[in-house]
Amino acid sequence: MGARNADSSAKGSRSKLITLKINGQKTTVTVPVRRTLVDLLRDNLRMTGTKRGCDEGTCGSCTVLLGSRPVYSCMLLAVNADGQDITTIEGVFQNQEALALGRAFASTYASQCGYCTPGFIMSAYALLRQNPDPSERDVRFALSGNLCRCTGYSKIVGAVLATAQGLKEGQSR
Ligand code: FES
Ligand code: FES
């Protein structure tokens, strides 16, 4: 009995059974303790909407929501997200703010190659949920952890401000 316990604890030091709620769906999976959340999402769960860019916490392409907070999923071990709610780009479009952001990014050419776009949408969505009427400064601050090599930032910031304005007008009708 003691030996079996020792054995399973040695095994447990390499992998762990975790349960996450991803986009509202309970997901139980055994992961190596050193696997990052972005690797779990993309490589194990085949949720490739979350992009891996720098893989070192500087570009924001891998942004997902942990609860309501945007985080770099390349900098978070999957085991440290055990028991948490995760929202990825695949699930966020169930919400009107994200849908409106997607439309604004498309119609204002705020997305070109599109590689950074999921990360920007996740950060912008988190901002609009917390602050539906952001100033340009608020938007630039909220997106300061996301990098885009194609568009520059004016169109992206403009798309977020236009989304906030459109949602506000929609609500006042
Ligand atoms: S891939 Fe995570 S911050 Fe760049
Ligand atoms: S649209 Fe290409 S990196 Fe941002």
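I call two residues in contact if their C-beta atoms, placed from the backbone, lie within 7 Å. My helices (H or I, at least four residues) and strands (E, at least two) are DSSP runs, numbered from the N terminus.

This is a predicted model, where local features need pLDDT of at least 70, side-chain atom pairs count only at pLDDT 80 or more, and totals for chains, interfaces and linings use all residues. Residues are numbered from 1 along each chain as its sequence is written, and chains are lettered from A and ligands numbered from 1 in the order in which they are written.

**Helix H2.** I looked up what the buried residues of H2 pack against, and found strand S2 (25–32) and strand S3 (63–66). In H2 (residues 37–44), the buried residues are Leu 37, Val 38, Asp 39, Leu 40 and Leu 41. Buried means that 20 or more other C-beta atoms lie within 10 Å of a residue's own. Just after H2, I noted a positive phi of about 60 degrees at Arg 46.

**The sheet.** Next I traced an open sheet of five strands with mixed pairing, in the order S2-S1-S5-S3-S4. S2 and strand S4 (69–72) are its edge strands, as each pairs on one side only. For me, two strands pair if DSSP finds at least two bridges between them.

**Hairpin.** S1 and S2 pair in the antiparallel sense over eight bridges. Two residues lie between them in a hairpin, and Asn 23 in the turn has a positive phi of about 50 degrees. I also found Ile 22 opposite Gln 25 in S2.

**Parallel pair.** S1 (residues 15–22) and S5 (residues 85–87) pair in the parallel sense over two bridges. Here Lys 21 has Asp 85 in S5 as its bridge partner.

Technical notes. A residue is buried if 20 or more other C-beta atoms lie within 10 Å of its own, exposed if 12 or fewer, and partly exposed in between; C-beta atoms are placed from the backbone.
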